[in-house]
Amino acid sequence: MSTMSFSIPRLTYYGAGALEQLATLDGKRAAIVTGGSSMKRFGFLDQAAELLKKAGIESIVIDGVEPNPSVDTVIRGGKEMAAFQPDWIVAIGGGSALDAAKVMWCFYEYPELKFEEIIEPGSMPPLRNKARFIAIPSTSGTASEITAFSVITDTKNHIKYPIVAADMVPDIAILDPAIPATMPPHITANTGMDVMAHAVEAIASTAATAFTDPYAIQAIKMVIDNLPTAYAQGDNMEARLAMHEASALAGMAFTNASLGLVHSMAHKIGGEFGVTHGLANAILMPYVIAYNRKFTNKYAYAEKLLGVKDLGQTVLELNKKLGIPASFVTCDEVDFSEKKFLAVLDRMSQHAFEDPCTLTNPGKPTAADVKELFEQAYYGKALH
Ligand code: NDP
Ligand code: MN
């Protein structure tokens with residue numbers, strides 16, 4: 001037996017109008033961090049600045065965070081913060097904007113720090129000397145608003161670094177369903193299946209506990225019940241709120257229980273082919289569930305509580321409703337040519353095997369097992 005810990009944001013506001021809580025903050029200056037143009041275009045950026053003004057808080061906007069944010073972007077943001085000296089950082093946008101804002105925060109607090117010095121998990125010095133952090137997600141997917149994780153890319157060397165630091169768990173998360181409601185259907189589908197993957201992997205993780213299981217089970221239930229509606233009727237606010245909540249709940253589970261092979265493999269096939277993270281997860285999940293089943297009774301446990309026969313089958317049926325194919329060879333988001341697949345397969349399998357998420361996958365998968373799973377998911381091995 002050993003001592004464990006469970007950490008989540010101190011405060012989560014959720015429900016219609018939750019964004020308005022910005023008007024109740026105590027502070028002087030806020031740096032609003034966002035992605036490309038979506039938050040500006042749909043009026044949420046102006047709304048946030050206006051609400052902060054009501055609270056007597058002056059704000060600046062740090063924008064232009066790209067999908068898969070780079071080291072350069074987070075260093076630039078840290079400098080812009082240092083020039084303005086905010087006491088709040090308000091990150092609003094997709095996982096990319098939230099992730100970037102977390103590491104900008106670190107460079108604002110420690111301007112002399114180098115990116116290399118925060119790569120080792122647990123090496124980030126204590127935050128909250130200068131500012132606190134609010135996360136307002138605009139996708140229902142990564143759960144960066146809940147987690148201790150941030151993914152930053154070294155664009156020169158094409159390496160994605162997962163930065164892990166308990167201090168990066170935001171102080172406040174705001175889940176307002178009006179914000180993800182502007183997502184187009186394909187982003188709703190892909191990010192929604194990322195939620196499913198977080199919950200399914202947190203359940204089966206070797207680090208799952210009685211503290212993490214309930215969040216994961218509830219998240220799976222809400223995804224099954226609401227993702228097809230959020231996808232087909234984007235303006236259904238009940239389904240949008242349920243998916244936003246499910247994302248955060250899954251985040252509470254996986255930030256504490258970690259993940260497994262679906263994510264290990266999605267990270268690497270994403271790196272090789274550029275396929276969207278949630279889409280890769282969605283395609284991989286049924287194969288990994290089928291493989292893992294012999295090492296864990298946790299799927300059976302979840303299936304009993306959820307009243308479903310086979311979680312893998314449930315994922316396949318969801319994918320079908322969302323227009324997500326059952327294999328990579330039939331996926332046309334990017335070019336999945338067999339020639340390239342065969343050329344990268346060994347390297348990709350070895351890298352996925354070495355991914356930190358593999359450590360908490362049930363059983364002891366080998367690099368050869370990972371390769372076989374890639375082959376099954378690429379060619380679409382019949383599962384039933
Ligand atoms: P992104 O933040 O990358 O956003 C994807 C696209 O969706 C962007 O073009 C963005 O536009 C657009 N968009 C976002 N919200 C809306 C909206 N409400 N309406 C219309 N368009 C919208 O996507 P994700 O949230 O999936 O985040 C992916 C990132 O998160 C990756 O960098 C990944 O590595 C990382 N990640 C982080 C994890 C963590 O634990 N922290 C876990 C897993 C992945 P625009 O830029 O204009 O706003
Ligand atoms: Mn994910």
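This is a predicted model: local features need pLDDT of at least 70, side-chain atom pairs count only at pLDDT 80 or more; totals for chains, interfaces and linings use all residues.
Residues are numbered from 1 along each chain as its sequence is written, and side-chain values use heavy atoms, with hydrogens and water left out.

Me: How many residues surround ligand 1?
Reply: A residue counts here if one of its heavy atoms lies within 4 Å of the molecule. The closest are Ser38, Gly95, Ser96, Ser138 and Thr139, and the whole shell around ligand 1 numbers 28 residues.

Me: What distance separates a polar side-chain atom of lysine 160 from an oxygen atom of ligand 1?
Reply: Polar contacts are pairs of N or O atoms within 3.5 Å. For threonine 147, a polar side-chain atom lies 3.4 Å from an oxygen atom of ligand 1. For lysine 160, the corresponding distance to an oxygen atom of ligand 1 is 3.2 Å.

Me: How much of the area that ligand 1 exposes when taken alone does the protein bury?
Reply: Accessible areas come from the Shrake-Rupley method with a 1.4 Å probe. Taken alone, ligand 1 exposes 940 Å², and the buried part of that is 83%.

Me: Are α5 and α11 roughly parallel or roughly antiparallel to each other?
Reply: Helix α5 (residues 185-204) packs with helix α11 (residues 311-321) at an angle of about 175°, their axes being 12 Å apart. Angles under 35 degrees count as roughly parallel and those over 145 as roughly antiparallel. The two helices, α5 and α11, are therefore roughly antiparallel.

Conventions: Chains are lettered from A and ligands numbered from 1 in the order in which they are written. Axes are lines fitted to C-alpha atoms, for helices over the stretch in contact, and angles run from 0 to 180 degrees between N-to-C directions. Helices (H or I, at least four residues) and strands (E, at least two) are DSSP runs, numbered from the N terminus. Angles under 35 degrees count as roughly parallel, over 145 as roughly antiparallel, 65 to 115 as roughly perpendicular and the rest as oblique. A polar contact is a pair of N or O atoms within 3.5 Å; within protein, one must be able to donate a hydrogen and the other to accept it, and residues adjacent in sequence count only if both atoms are side-chain atoms.
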